[in-house]
Amino acid sequence: QVQLGESGGGLVQAGGSLRLSCAASGRTFSSYAMGWFRQAPGKEREFVAAINWGGATFYADSVKGRFTITRDNAKNTGYLQMNSLKPEDTAVYYCNAGVNVITRAAGTYWGQGTQVTVSS
């Protein structure tokens with residue numbers, strides 16, 4: 001069992017930056033691939049980025065070059081650095097543990113989500 005909790009969301013102007021954090025507790029976090037997903041109003045939840053236990057990273061085309069996913073296994077924490085934010089990045093962002101980095105299918109464990117709003 002893994003419990004996840006996101007923080008770091010907020011309101012930012014277009015072109016700005018935010019860093020999301022995902023704190024994990026429970027079973028060994030480092031053994032799981034960790035990912036971020038987002039859901040905008042009226043849309044389905046979509047894959048944003050993932051990082052496997054070895055540090056390899058994977059990104060959706062829409063965020064490649066702007067977002068960076070990292071993890072600190074010693075702190076049981078994952079991060080999503082978001083730069084050059086656009087209004088279309090506005091969504092609730094969810095942390096996920098156990099994501100399949102090849103298929104980008106979500107794993108079992110979810111956080112509660114954190115709202116990111118980008119104003120134009």
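## Cysteine 22

Cysteine 22 is buried, because its relative accessible area of 0% falls under the 20% cut-off. The model is predicted.

## The disulfide

Cysteine 22 is bonded to cysteine 95 through a disulfide, with the sulfurs 2.0 Å apart. A search of the whole structure finds 1 disulfide. Cysteine 22 sits in strand β3, while cysteine 95 sits in strand β9 (residues 91-97), so the pair ties together parts 73 residues apart in sequence. Such a link is covalent, running between the sulfur atoms of two cysteines.

What is the handedness of the disulfide between cysteine 22 and cysteine 95? The torsion about its S-S bond is about -75°, so the disulfide is left-handed.

Is cysteine 95 buried or exposed? Cysteine 95 has 0% relative accessibility, so this residue counts as buried.

## The sheet around β3

Strand β3, which holds cysteine 22, also belongs to an open sheet of 4 strands. The order is β1-β3-β8-β7, and the pairing is antiparallel. The edges are β1 (2-7) and β7 (67-72). Each has a single partner strand, so one side of each is left without a neighbour in the sheet. On average, neighbouring strands of this sheet are turned by 15° against each other, direction ignored.

## Pairing of β1 and β3

Strands β1 and β3 (residues 18-26) run antiparallel, joined by 6 bridges.

Technical notes. Residues are numbered from 1 along each chain as its sequence is written. This is a predicted model: local features need pLDDT of at least 70, side-chain atom pairs count only at pLDDT 80 or more; totals for chains, interfaces and linings use all residues. Side-chain values use heavy atoms; hydrogens and water are left out. Two strands pair if DSSP finds at least two bridges between them. Helices (H or I, at least four residues) and strands (E, at least two) are DSSP runs, numbered from the N terminus. Axes are lines fitted to C-alpha atoms, for helices over the stretch in contact, and angles run from 0 to 180 degrees between N-to-C directions. A disulfide is a pair of cysteine sulfur atoms within 2.5 Å. Buried means under 20% relative accessible area, exposed over 50%, partly exposed in between (1.4 Å probe, protein chains only).
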